[in-house]
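This briefing walks through selected features of one protein model, grouped by topic. Please keep the sequence and the 3D view open while reading.

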Amino acid sequence: MTKPVVAVVATFEESHFARVRPVVAALAAAGADTYVFTHRRFEAEVADDGGRFVDLYAGRPLEVLGDDSSPTAVREVTYAAHYADSVIEEMGSLNAQVIAYDTFAVVGRVAGHVLGIPYVNLCSGHNIDPERHLPQLYANPRFHIADVCHRAVERLREDYGMKEASPFFAMAALSPHLNVYGEPPQFLTPAEREVFEPVAFFGSLPRAELVPTKNGVRTNTDEVKVYVSFGTVIWRHFVPVAMAALGAIARAVAQRPGTEALITLGGAALAADAIRGLEQPGVRIEPYVDQWEALRTASMFVTHHGMKSTHEALVNEVPMLSYPFFWDQPSMATRCQELGLAVAMSETPSPQCTLSEADVHRAIDHVLSNRDTLHDRLAEARQWELDVIGNRPVVARQIIDLA
């Protein structure tokens with residue numbers, strides 16, 4: 001029998017591709033001929049996961065479109081309108097029967113609509129309800145929509161019949177066929193879940209064999225190791241706020257005997273004097289670290305609550321200190337606090353709030369004084385992660401069966 005053919009579309013963003021990888025692996029393991037349209041730097045990973053690499057940007061470069069919209073995800077709408085015909089032709093030549101696309105990869109959504117085949121949204125972010133989030137995006141004064149993007153939206157609506165297209169289509173395009181959610185089901189309330197129906201829960205962590213075993217290091221209460229990371233995207237938009245927060249954390253840690261901190265700057269290109277301003281006794285600053293390894297020995301994790309970072313912390317059973325910046329991060333922080341997995345860094349929490357040394361001391365003390373309760377909840381959450389990973393063959397079959 002001929003193998004079912006699934007086309008998977010992922011953007012050039014590394015964090016988004018990382019969430020797509022386990023889907024590719026599951027589809028390939030389930031017997032699908034899985035073509036992965038993405039950036040050429042991910043070619044080796046696609047092969048490792050059992051997929052067939054297709055260069056999404058070969059002859060279709062993003063850079064020549066002249067779209068300076070902000071945030072950069074908006075440019076995926078322009079890309080889709082400009083290159084949809086080319087991508088559709090290539091997918092048609094492969095006889096694709098189902099398209100699975102990262103939410104940001106708008107061109108995959110367009111291709112499925114035009115080809116008239118089922119298209120599956122690989123949800124990007126925590127609880128992104130378009131009805132709630134789109135008004136926030138339009139009202140954000142930091143965002144800029146270029147004229148070329150507005151013209152792209154008009155083309156998607158008029159030429160491709162996508163009446164729901166908008167400049168923020170890359171952030172909120174659900175599928176009527178299936179939405180594959182990147183977290184365990186416990187991260188959505190029953191009412192929130194209705195927005196994503198039909199929905200299948202897949203998680204966002206790597207394949208099961210790559211998930212680390214449980215870590216017992218943190219049972220040593222005489223030594224406190226604070227790992228601090230705000231990811232990578234934060235550094236494109238919020239450098240002053242991030243540096244101010246890191247400064248308060250570094251100073252507070254230096255005041256605490258027996259406490260150490262590892263701060264990673266997510267590869268951001270920062271001035272040397274700015275980095276020196278963070279230097280304190282007991283504080284190590286690195287441009288980039290292996291997060292899996294850092295979490296293995298951490299007593300607690302100060303995080304912006306990106307999806308990847310949050311769920312990596314959970315599977316490592318590391319209590320989180322919440323300092324969200326934007327988009328889905330505040331709601332992710334709130335949900336983790338509701339589930340007993342995280343503590344707010346500030347007593348008056350809000351995105352990008354001013355953080356004091358007293359706030360840092362209070363949050364660290366809260367984790368230490370509630371260590372047993374937090375670890376019980378984290379052990380439960382780790383099992384949620386393992387359960388959703390274990391169910392991946394079933395979800396892969398759901399996707400394939402749409403063919």
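Predicted model: local features only at pLDDT ≥ 70, side-chain atom pairs only at ≥ 80, totals over all residues.

H305 is buried, with a relative accessible area of 0%. This residue sits in the loop between strand 11 (300-303) and helix 12 (307-315), and although H305 is not a glycine, its phi is positive, at about 70°.

**Backbone details**

- Most residues other than glycine have a negative phi, and most peptide bonds are trans.
- N127 is another residue with a positive phi, of about 50°, although it is not a glycine; its place is in the loop between strand 5 and helix 5 (130-139).
- With a relative accessible area of 4%, N127 falls under the 20% limit and therefore counts as buried.
- Just after helix 4, a positive phi of about 70° is found at G116.
- S70 and P71 are joined by a cis peptide bond with an omega of about 5°, and P71 belongs to the loop between strand 3 (52-55) and helix 3.
- A cis peptide bond also joins E197 and P198, here with an omega of about -5°, and P198 is placed in the loop between helix 7 (190-196) and strand 7 (199-201).

- Helix 4 (residues 106-115) is largely enclosed by the rest of the structure, because seven of its ten residues are buried.
- The buried residues in helix 4 are V106, V107, G108, R109, V110, A111 and G112.
- These buried residues of helix 4 pack against both strands and helices, namely strand 1 (5-9), strand 4 (98-102), strand 5 (119-122), helix 3 (75-93) and helix 6 (147-158).

- How do the axes of helix 1 (residues 14-29) and helix 16 (residues 392-401) cross? They come within 9 Å and cross at roughly 75°, and the two helices are therefore roughly perpendicular to each other.
- On the side of helix 1 the contact is made by P22, V23, A26 and L27, and on the side of helix 16 by R392, A396, I399 and I400.
- Sorted by class, this contact of helix 1 with helix 16 has seven nonpolar residues, no polar residues and one charged residue.
- V395 also lies in helix 16, and at 1% relative accessibility V395 counts as buried.
- Leaving aside neighbours within four places in sequence, V395 is in contact with V180, A200, F201 and F202.
- V395 and F202 are 193 residues apart along the chain, yet their C-alpha atoms are separated by 7.0 Å.

**Cavities**

- Rolling a probe the size of a water molecule over the atoms shows where empty space is left.
- How many cavities of 30 Å³ or more does the structure hold? It holds three cavities of that kind.
- The largest cavity contains about 100 Å³ of space, and of the 13 residues that line it, R19, L122, C123, V180 and G182 are the closest to its centre.
- Helix 1 and strand 6 (178-181) each supply at least two residues of the lining of the largest cavity, and the largest share, four residues, comes from helix 1.
- The lining of the largest cavity divides into seven nonpolar, four polar and two charged residues.
- The second largest cavity has a volume of about 60 Å³, and its lining residues include T103, N121, C123, S124, M171 and F196.
- By class, the lining of the second largest cavity has seven nonpolar and four polar residues, and no charged residues.

**The second largest pocket**

- About 250 Å³ of space lies in the second largest pocket, which is lined by 15 residues, with K225, E260, L262, R284 and T297 lying nearest its centre.
- Strand 8 (224-229), strand 9 (259-264), strand 10 (283-286) and helix 11 (291-296) each supply at least two residues of the lining of the second largest pocket.
- Eight nonpolar, two polar and five charged residues make up the lining of the second largest pocket.

Terms used. Residues numbered from 1 in each chain as written. Heavy atoms only, no water. 1 Å grid on protein atoms, 1.4 Å probe; cavity = no way out; pocket = protein on both sides within 12 Å on 5 of 7 lines; lining within 4 Å. Points joined across faces, edges and corners; volume = space filled by probe spheres on them. Nonpolar A, V, L, I, M, F, W, Y, C, P; charged D, E, K, R; others polar. Buried < 20%, exposed > 50% of the residue type's maximum accessible area, 1.4 Å probe, protein only. Contact = heavy atoms within 4.5 Å. Axes fitted to C-alpha atoms, helices over the stretch in contact; angles between N-to-C directions. Parallel < 35°, antiparallel > 145°, perpendicular 65-115°, else oblique.
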